[in-house]
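Here is a short report on one protein chain. Look at the sequence and the structure, then read on with both in view.

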Amino acid sequence: MATTTTLPWVEKYRPKNVSDISHQDEVVNTLKTSIANGQLPHLLFYGPPGTGKTSTIIAVARELFGPKFRENGRFLELNASDDRGINVVREKVKAFAQGAISGTSSMPPFKIIVLDEADSMTNDAQSALRRMMENYSKVTRFCLICNYVSRIIEPVASRCAKFRYQPLEVTSMTARIQHICSEEDVKVEQEAIDMLLDVSNGDLRKAINYLQSAKQLNGTEVTKDDILAIAGVAPKELFDKLWRHVEANSFDLMKNEVEDIIYSGYPVLTILHQLADEVLAHKSMAHGKKAQVCLRIAEADKKLGDGASEHLQLLDVASFLMQTYHE
């Protein structure tokens with residue numbers, strides 16, 4: 001078992017109690033009432049990554065079943081790395097759900113099954129899950145966690161109490177980052193914290209991982225440039241140069257710039273997301289043109305997910321931006 005000194009910071013500073021969950025007041029208040037009553041419904045947590053969904057149910061299990069909740073046969077967690085087709089739902093999940101539990105006055109009379117990233121489960125597996133939620137509700141509570149609630153079939157979603165997790169506010173994330181810096185003796189300027197929050201987009205898990213990586217690479221003093229390097233974010237100067245080529249309306253210059261970006265090793269998906277922000281912030285470009293370019297970026301994003309060439313997709317978007325800009 002890893003000691004607290006070797007644990008990743010994401011695990012080391014994971015909230016221990018439901019009350020410690022940041023910026024999800026409605027969820028916290030409802031769950032605290034359920035824990036006090038010992039009556040927990042089936043749960044469906046949905047929202048962006050890194051907002052505390054998994055941390056919440058782990059904190060709930062710790063409060064209900066004690067600190068050794070993973071060892072006492074009351075808690076089962078499956079995520080996207082596990083095979084969760086219909087056979088696993090029928091066998092592993094069913095076996096755990098229907099198993100008897102020893103009676104004890106200090107614990108509620110049910111187990112918890114957590115299905116993390118449930119939106120990646122097949123519809124057949126979700127349909128099999130629906131019957132289990134009904135048949136074993138006396139001894140088992142299910143907690144489904146997902147980013148996109150629309151991918152959970154309605155018969156399953158309707159059997160759960162649904163909780164939406166909001167992206168974390170800057171104040172909540174700043175307080176958590178400063179607490180970790182204090183505990184780990186890391187000196188971080190406010191400028192670096194602002195950059196950390198900017199590149200993590202409300203994802204506290206990502207922010208903590210970036211911070212730990214920056215500390216391991218650069219020692220106890222972390223700067224804005226360290227964060228930029230760790231996050232793989234392209235500097236502002238790169239986009240300034242790109243805009244100059246757009247304004248010059250030269251395909252050859254644009255093609256060379258795209259090749260330079262590719263050879264520099266920046267993730268093209270990150271470049272596209274940054275470019276979308278650049279386009280939206282552009283002062284002289286018409287709104288209709290901005291919409292067309294953002295749509296092209298979205299199409300490139302989808303094609304990259306399907307395995308398309310990064311070089312060709314970035315060149316396509318850059319060329320379309322230049323063409324649209326001069327129409």
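## Strand β3 and its cover

Start with strand β3, residues 111–115, which is mostly covered. Five of its five residues are buried. The model is predicted, so the cut-off used here is a computed one: buried means under 20% relative accessible area.

Now look at the side chains. K111, I113 and L115 point one way from β3. I112 and V114 point the other way. Residues on both sides of the strand are buried.

## Neighbours of β3

Which strand is joined to β3 by four bridges? That is strand β2, residues 75–78, and the two run parallel. Find L76 there: L76 stands opposite I113 in β3.

Strand β4, residues 140–146, also pairs with β3. This pairing is parallel too and has five bridges. In β4, L144 is the bridge partner of L115. Trace the chain from β3 to β4, and the path goes through helix α5, residues 123–135. This β-α-β crossover is right-handed.

## The whole chain

The C-alpha atoms fill a box of roughly 75 × 50 × 30 Å, taken along the principal axes. Of the 327 residues, 46% are buried.

How do parts of the sequence meet? Take the contacts in the chain with a separation of 6 or more: residues 24 or more positions apart account for 75% of them.

The chain is divided into three parts: domain 1 (9–164), domain 2 (170–231) and domain 3 (236–326). The C-alpha centres of domain 1 and domain 2 lie 30 Å apart. Domain 1 gives 10 residues to the contact, and domain 2 gives 16 residues.

The size of an interface is often given as the accessible area lost when the parts come together. Domain 1 and domain 2 bury about 1200 Å² between them. Carbon and sulfur atoms carry 58% of that area.

E184 forms a salt bridge with K12. Their closest N and O atoms are 2.8 Å apart.

Is S55 buried or exposed? S55 sits in helix α3, residues 53–65. S55 is buried, because its relative accessible area is 12% and the cut-off for buried is under 20%. S55 touches R14, P15 and I21, not counting residues up to four places away in sequence.

Now turn to K241, in helix α11, residues 236–248.

Key
Residues numbered from 1 in each chain as written. Predicted model: local features only at pLDDT ≥ 70, side-chain atom pairs only at ≥ 80, totals over all residues. Heavy atoms only, no water. Buried < 20%, exposed > 50% of the residue type's maximum accessible area, 1.4 Å probe, protein only. Pairing = 2+ DSSP bridges. Right-handed = clockwise from strand over helix to strand, strands pointing away. Domains from an automatic or database assignment. Contact = heavy atoms within 4.5 Å. Buried area = accessible area lost by both parts, 1.4 Å probe. Salt bridge = Lys/Arg side-chain N within 4 Å of Asp/Glu carboxyl O.
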